Structure formats: C-alpha cells, structure tokens
Amino acid sequence: MGWVFKFINSSIGKKFMMALTGSFLLIFLVIHLIGNLTLFFGADAFNAYVLTLDAIKPLIRIIEIVLLAAFVIHILNGTRLWISNKKAKGQRNQINGSPQNSDVFSRTMFLTGSIIFIFLVIHLGTFFWRFNVSDPMGFADEHQYYNMVVYFFNIWWYAVLYVIAMVLLGYHLNHGFQSAFQTFGWNHKKYTPWIKKIGTIYAIIMALGFAAMPLYFLLGGGN
Amino acid sequence: MTKLDSKIPAGHISEKWTNHKFNMKLVNPANKRKFEIIVVGTGLAGASAAASLGELGYKVKAFTFHDSARRAHSISAQGGINASKNYQNDGDSTYRLFYDTVKGGDFRSREANVYRLAEVSGNIIDQCVAQGVPFAREYGGVLDNRSFGGAQVSRTFYARGQTGQQLLLGAVSALNRQIDNGSVKLFTRREMLDLVIVDGAAKGIVCRNLLTGEIEKYSAHAVVLATGGYANVFFLSTNAMNCNATAIWRAHKRGAYFANPCFTQIHPTCLPLHGDSQSKLTLMSESLRNDGRVWVSKKKGDMRNPNDIPEDERDYYLERKYPSFGNLSPRDISSRAAKEVCDEGRGVKGGHAVYLDFRDAINRLGKHVIEERYGNLFEIYETITGEHPYEYPMMIYPAPHYTMGGLWVDYNLMSNVPGLFILGEANFSDHGANRLGASALMQGLADGYFVIPYTMGNYLAGDKPTFVNTDHPEFDKVANGVRDLTNKLLSIKGKRTVDDIHKHLGRIMWNKVGMARNEKGLKEAVDEIRELKTEFWKNVTIPGSGDDVNQTLERAGRLVDYFELGELMAIDALDRNESCGGHFREEYQFEDGEAKRNDEKYSYVSAWEFTGENKWILHKEPLEFEYVKPAIRSYK
Amino acid sequence: MEAKKLNLTLQIWRQKNSKSVGSFVEYKVQVSPDASFLEMLDEINNELEAKDQEAIHFESDCREGICGTCGLVINGRPHGPLQKIATCQLHMRNFKDGETIWVEPFRAKAFPVIKDLMVDRSGFDKILQAGGYVSVNTGGVPDANSIPIAKDQASLAMDAAACIGCGACVAACKNASAVLFVSAKVSQYALLPQGQPERYRRVERMVKVMDELGFGSCTNTYACEAECPKGISVSNIARMNREYVLAKVKSKEIVD
C-alpha cells in the first residue's frame, strides 16, 4: 500500500486529490442547489423537502460523511499545496507580471477557497447545526425550516455576506471545473474549449442560483 | 620532424572502413571499465561520443563550459542532416553522397574519410529515430526528405527548422542515460584551458571551474576534443557567443597540428549589421533564395527607399553574372558577389547590405504561397528587424558561419599527438575547402557514434597507454601555467575592454582574411594582429577576480587564442596561392571572377606545427584523388 | 537605417554571489531601437568594464532563441513582454522612450541565483537524467523506416520536443513548478512508439526527481504556456498527469 501514499503525496498526486474531491463537491453543489430551489416555491415545498431528507436520514448521514471527508481533504490538501508552493517560489519578482500571463481566477484559488471556508463555517453553524443539533430559536423543533431561512436572509449583512461568498464561489468554480479535467489528464484540442465554457456557465449558474436565495428574501420575496 | 601518416587503410574505397574495423584491435568487455576517457564538448560529436563510449563500458568524463550539455551550439543548426538512404528512389547511394561531398569541398578533403562519412550516414538516421528524434514524416508514416544545395537528390532529413536541436537533444538523451547508469560523469561549467601531455601522449586536461574559478586537473587514458569551430575569431559570426577555439588552440600549442586554418565558410544570407553594438549575426535559411531576388541599386550611395527605385535602376547582379544559377549560386560565390557590390558603394543606402526581394514572387505566386513557404522565416526577420518582408525587401549580408579547418587528424580521428582525438567541426577532415549544407550534423554524429567507438578501442588495445595520475608533476606544471595566465590577464588593468579589442581583431580578420584575400592584405593582417596582440597585453582591462564567476575573464582568455589563430589563418591563406572553396585569393581567379584552383601545387592539407610565439612549421599531407577526379566548379 | 535612440532607465538586479543579498541598481542608457535587449546589456557592460567595474553577469549563447541559455525577467515577465520569443530575440524597439525597465533573474527556490542575473538550472538536467531518454545503445537499431509513425503523431511529438529548456515556465509559475518542462519530455516519448517500452518507469522516475528538487506543484494557471518561447502546450501537462496516474495504477514495477 506504500505506493498509494507515495502517489497521493507526490506533486501530481496532491493535485489529483484536489481534482477528485473537487469534482465530488461540484456534483454535490448541483444537488444542493436543486434541493434548495424549493425555497422559491414557498414554505410548504421547502419544509417538505427538508422532511424528505430527514426521512432517509441513514443514507444522508453516509453521504454527509463522504462530503465531510471530501471537504477536509480538499481544504487541508489545498492549504498544504499553497504552503509548499510558496516555499518553492521563494523570493517573488519586484514587478508582478502575472496579470499578463494568466487569469485572476486561477491565481486566487487559495484566497477564494479560504473565504469560502469561512463562509462554510458560518453557513453550517447557522443552518446545519440548527437543523440537526439544536436551534435556540425553536424554528427547527416546529419544522419551521422555511421561516428560519427567511429570518436569517432578512438580516441584511447576513444576506450580503452570502452574496459575496457566492460570487467568490463562482470564481473558485470557474477555475476549478476545467482545472479538474486538466489534472485528470483530459485535455483535448477539440473538447477543452467546450469544457472551459461549460465550466464558466456552471460557475455562473451556481453563483447566481445560490446568491438568488438571500437576495430574494432580502428584497422582500416570499412574504 | 614527424611525418604525417594519415593511416588510410588499403583496399578499394568501399571496403576500407569494413576492413579497418576488422583489423582494429579490440578491448575485452571486462577490461573496458579500466580505461578512462575524457571528452571535451557536448555538442553532436562530443555528446554522441561520450554516450557511445560510455555504453561500451569505458569510464568517461565529459566536459562542457555550458550549464547543461544541451546548450552546445549544434543546437542552432536548422536545415537538416544528409544521409544516403535513397528512400526517395531518386538514385542516391553512398557513392553519390561521397562524390557530392568531395566535389562540394572543392577537392581539398581526404577521400577515404569522406567515403566513410557517407557510408555511416544511414546508420545515423536509424540511430536518431530509435532515440525518439521526431523527424518530419509523410502521411504514410515514413520519413520525409527535402533537397539541399550541392546535390541533385533528396537526401536531407529534417525536424522542422530545428534539426540540429532535435539531433542534439537525442545525443544528449543518450548521454543522460549513461550519466544515469554511472558510466559517464558530466562536468558542467568547466572550460578546458590546457592539455596535459606526458611522454608524448595526451593524458589529461586542465580546466577552470567557471563558478569557483578553481583550476582543476583531470587525467585519463585518452582525450577527445569535440569543441566546435572558430568562426568567432571574426567577432561577428553566426556562431554562438561562447563558441571558441581555446581547447583546440591550446592543444595545438602543446603539439597538435592545425590543418587548413584558412578554410572558413562565409554564409551569404545573414541579417546585416544594425550598429556598433551588434553582438552576433543571425543566419536566415538559404532556402529563401529559391524565390527571393538579390539586387542593389545601380547608383552608388543610393539613399532612396527600395520600393522607390525603379526596375531599370536595379542591378540583379547574381542573375546578371551567373545567368544559369542566378540567385541560387553557391554560398562562396554569392557571398563574394555581395561583398563586391557593397565595396563599390552600391549596398543598401551605401552600407553593407543587399536586398533580397520577394516582390516578384509575391506577384507571381500570390502572398499566401510565399507565406506558406517562408512564413516562419519572415516572422523571425520581422522580430529582429521590425520590418515586414512582404512589403519591404529583406536586407541580407554574408557572415562567417563555419570553419572547415581544425586540428589535423588521421583516418582514426587521432591527431599527431597519440591519445588525442578530435571530432566534429574541431577537426579538419571531411569538408575540404567548403562544406555543403546539411553535412555538418552528419559529420558530427558520424564521428561520435560510429567512428570513435571503434578507433578508440584500437588505440587503447594497440598502444596500451598508461594512466597518469593528476599528481604527476606535469599536471602541476600545466595547471600552474594556466593560473599564471589568469593572473597575468587580471593584472594588466589597462583601458580597453575585451570586446573592444575583439571587435578590432574581427575587423582586421573580416577585411583582410575574410571573403576575398590578397597577399598585401594578408601580410598587413599578420602585422596588425601582432600589433593588436601587443596592445592587448598592455592595455586590456578585466575587472573582477579569478576566484569567482567572471565572464569578462572568460572572454579575455578566448581572445588571447584568437590573436594567434587569426595570425595563423592569415599565414595559411598566404601560403595557399590558389582559390578554392571558402578560400578566395584575388590574385588567383579567372577573368570572369571564378576561383582558380591549383591542383598541381596545392592539392595538400596544410598542417601547421606550432614551434613558438609567431612561429609555425608547415607539414603537407598530399591529397590523392583516386575515385573523384578534380574538375573545375562552374556555375554559369 | 539609423533610428532615433531611446533614453531608458534600467533597474537591474545585482547580486555578488549565491550567498549574498542582492538589490536593484539603476543604470541610465541611450540605446538604438534596433539593438537587442542583450546587446543593450553588452553595451552597459562595455562601459562598466572600461571603468574597471564588474560586468553585469547574465547568460546567453546562440542569440537566436534556440539554445535556451538566456532568460531574464523583464518587467515581471520571463523573456519580456512579447510572446513566443526568448530574451535574446527581444529588441529595444518594443520599449518606449523614457521608460523604466526592471530586470531580474528567474525566481525559484530550485533555481538559485549564482550571480546577478545568472541562475542555476541544473535541476532540469537531473530530471532528464532520471529517464528522459530511450534506452537504446549505438548500433543494433532497426531501419529508420521500419516503424511507421503517423504524421500528426510525429508532429505532436515534435511540438513537445521543441522545448529549449530555458526555464521560463518555472519562472512564470507562481508555484515555481517545472511540469511544463518535464511533461514536454514525457510527452515526446509517450507519443512515439520508441518511447513505449519505458513509458511508465520514465514518468514515475522523472516526476519523483522533479519533486525532490523542490519545484512546486502545478495549479493550472497556464502562465507557463503563455510565457514559453516555443509555445509548448499545457496539454502536455495533462498527458503527463494521465501517464503518471496510469503508471501508478498499472505498472507492475514499484518505483520509489
């Protein structure tokens, strides 16, 4: 088994793990977005969706564990990469020429990723914790999931935080999507331009889709 | 005096090499490990030799002054490599390649060597393909060929315009493999500064470590020099900045004969000078002359824009003088003609350049055809000059490109110093007075892959050279001499810079020992070079120290040798009272300006023995042409 | 032919040796727009030497963009502002009169500065010496035409083989990753039939040495491709990734 560890600790292996976990998260985001779109169909639709998930709890728990593993690996591995890459570069140039040779999305993955991580902690603390563990405000106890969402998204700074995080998520995904293909070794003259376009469309849909929710409620939707 | 023994094997020319390979002595595989060989230079010849000798089991030490073996100047060769594979079914054969090369060299090369070169040329292509060299291919998957100057068959293999690069990377990959498995040790950033001879045989070298300045000694059973040519004696040439003659020159001063130093090739299609700060000249592929027309104004000092000069005021001098070959006249002839019109003051705006015009070709064939054929070359031209050749004629001028001369070697590629072998451009053997296109790569690899592995064994098994340790007093003596030279250079502290003096030398060489030479000019050159050398030793300035990286010191050391080499080139040119190939003596020409060879008196190799400052003795190796009878080259 | 000279201010990195601390030194120059960037440095050096001051050390050789010896970071960009050329092919007409130009060495931990603008790129050779070859001895090889290779396949291999080993990819990369260089060599052989027998062993060993030498990890910014003087494609990196994973999964030999 030694070769497996050697592989995942090699420079290519580390990247491979980023792409593998990243791809899983890309799929998760699609499901997460589709589920949450029920918010736009009112309280009953959303609450019913949450209760459906509740009904298949054991399955969801397994998925959550895998998801957690994916997040942890993605974040820790990404941080490790960032540190070792900083070290490999050493002294930087006096003049930063990178805007002329690469796009901003690719250069800021650690930054956007870090902010998304902070967001993730807040997000989980707000919703996951209250849904699953304890909700001092009592929304969850009465299955008033929808009202809880409405409550938080009506706090303006909270909604704005969400929107900003989602824009950065879009940045992160725009690079991450096509980057995963490259890391897996799928680069082809014919298809790579499509993959890049699909990645951008995917990133825009995700960013817009998730940002639409706080905006919708903040601007008085759902009342 | 040593008599020059070329050691050409007996028998019919087509059997010489085969017989010789059988007759040569062999080293038992188990004993090869006991022999150490030094290879200096990692270009095509050096890298292929070091790799092949390493594969056989010898302990090889390879040296380069570059940071990596891959930087050697072979990498810049563009066009291709000749081989008589006859893949095109167009009548090529070993004999035809041999014939073309002897004739192309204007009957001043050694027949037996050239035949062997042609004989192994096919093996080179096989070897390179097996190494993964991505030669150009046809749709059917077989290798593609192009045609090149001096031949009527298509026998040139190529990898885009980067054939030299790909062949060198192939040879370096073979070298890397031997480094990987331990049979070759590569020493980078080491410049060979002297040869160590003990009891008359080459036993090692002394190098300067270019990073630390340390003078290092290395010993071996035999020494191979594959250090390239000396065109940088002209300062401006198509050679790389660091190409130099130091290794072969210092070997020469230790006793190795220098052969045909005056045979230099001036390439007609290079970019002209732009100003005093110019550091080197860039070659533009000769293929441009297929569609470009060469011309200058009929008026002296015509300052008009070329597109404003009407047709009847243009002089298409190559078409005028050589109607049948026209713009495709051979290198030496085209170069001389360009110099002539510029000397008359009719060069571009009175300067040193002629036009290479594609206007007519564009009108005839359409811009897209020209773009397809020469697009990348036009781009290179535009990058360098900032001018667009589609709208404005190209400007070109001849530049020193290759040196056919080099250290004298016998058929085994060994110099007159036992144990000292010379390969590639550094030796003199195969190209005579003029080299054909796509033959330099062939020679370098033939020497390294297919000649030295055999002849080295013969020397080691036959002569049974002893191994001398680097603590032998001779090593110390030589190393101290190198140290003294370095210290002497650093202590001068004069006013003139190394480049300034080198440029000065270059001007003398170019004007008097360049494309066209005459007795008066050559004599003046000898005096001027001696004078300049004296000034150098009094007035050069070399900042920095000797125990650190010091590029100025490196250049100064090379320049020291160029004075002497330049002088010998002039002396050799003076001795050779005839015109042949790249050597054109104005006194020896037909009425129409064609070169007048003198086979009766000068059908020999001039091998110069160094006997002391400004003193040489000439040894002559007579050339016999049994198979290709000398004839006049005419291109009218 | 004489064009108006440009007045430029140069900020050039000077560093005595690998151990000392470097800094920028300002030089004012007047230079012909037809001169190349390196010829401008030659001129400055000539003036410095005339004043018995040490020359600015930089490396160059062929000055035709093929040997890969030269390499400066000019205004933050390896080989300067133009694409697909090496530093030696950059000419001064691409700069404006009165401009300030910052000149630095290639920056990477694996490319330590030797002196001024010279860096040590020997790591590249160490990688190539760990399998960047086909194991065939001289002689005893089949006829060159015995194995047909499709034209487009040979052409792709040539695209990869065109690498000049200058190190601009490493200098351009914010991670100082060498994958473009390594993948170009891996690709050349992976694309050719001659490279197949050692296909897996080669990529595993080369990547291992690359990692040991302290080059960074690729994060797909593609700055390398943008700055490569030969335009080597990042599709080679994808190919190497694939080869490497396949080697790890399929090869029966365990390379550590």
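Q: In this predicted model, which residue of S7(B) is the bridge partner of B:Asp194?
A: The bridge partner of B:Asp194 in S7(B) is B:Val206.

Q: What makes S6(B) and strand S7 (residues 201-209) of chain B a pair of strands?
A: A pair calls for at least two bridges between the strands, and eight bridges join S6(B) to S7(B), so the two strands count as paired, and they run antiparallel.

Q: Why do strand S6 (190-198) and strand S8 (215-219) of chain B stand at the edges of their sheet?
A: The sheet is open and has three strands in the order S6-S7-S8 (chain B), with antiparallel pairing. Strands S6 and S8 of chain B each have a single partner strand, so one side of each is left without a neighbour in the sheet. From one strand to the next, the twist averages 25°.

Q: Why are helix H3 (residues 44-56) and helix H6 (residues 163-180) of chain B called roughly parallel?
A: Their axes, which come within 8 Å, cross at roughly 30°, and angles under 35 degrees count as roughly parallel, so H3(B) and H6(B) are given that description. The crossing of these two helices is left-handed.

Q: What makes one residue in the contact of H3(B) with H6(B) count as charged?
A: The residues that H3(B) brings to the contact include B:Ala47, B:Ala51 and B:Glu55, while those from H6(B) include B:Leu168, B:Ala171 and B:Gln178. Because Glu is one of the residue types that count as charged, B:Glu55 falls in that class, and by class the contact has 10 nonpolar, three polar and one charged residues.

Q: How do you know that helix H13 (residues 473-491) and helix H16 (residues 551-575) of chain B are roughly perpendicular?
A: These helices pack at an angle of about 110°, with their axes 11 Å apart, and since angles of 65 to 115 degrees count as roughly perpendicular, H13(B) and H16(B) are therefore described in that way.

Q: Which residues make two of those in the contact of H13(B) with H16(B) polar?
A: B:Thr486, B:Leu489 and B:Leu490 in H13(B) meet B:Leu553, B:Ala556 and B:Gly557 in H16(B). The contact divides into four nonpolar, two polar and no charged residues.

Q: Which helix gives the most to the side of chain C that touches chain B?
A: The contact takes 67 residues from chain C and 66 residues from chain B. On the chain C side, H1(C) gives the most, with seven residues, and the residues of that side divide into 30 nonpolar, 21 polar and 16 charged.

Definitions and conventions: Residues numbered from 1 in each chain as written. Chains lettered and ligands numbered in written order. Predicted model: local features only at pLDDT ≥ 70, side-chain atom pairs only at ≥ 80, totals over all residues. Contact = placed C-beta atoms within 7 Å. Helix = DSSP H or I, 4+ residues; strand = E, 2+ residues; numbered from the N terminus. Axes fitted to C-alpha atoms, helices over the stretch in contact; angles between N-to-C directions. Parallel < 35°, antiparallel > 145°, perpendicular 65-115°, else oblique. Left-handed = near helix turned anticlockwise from the far one by under 90°.
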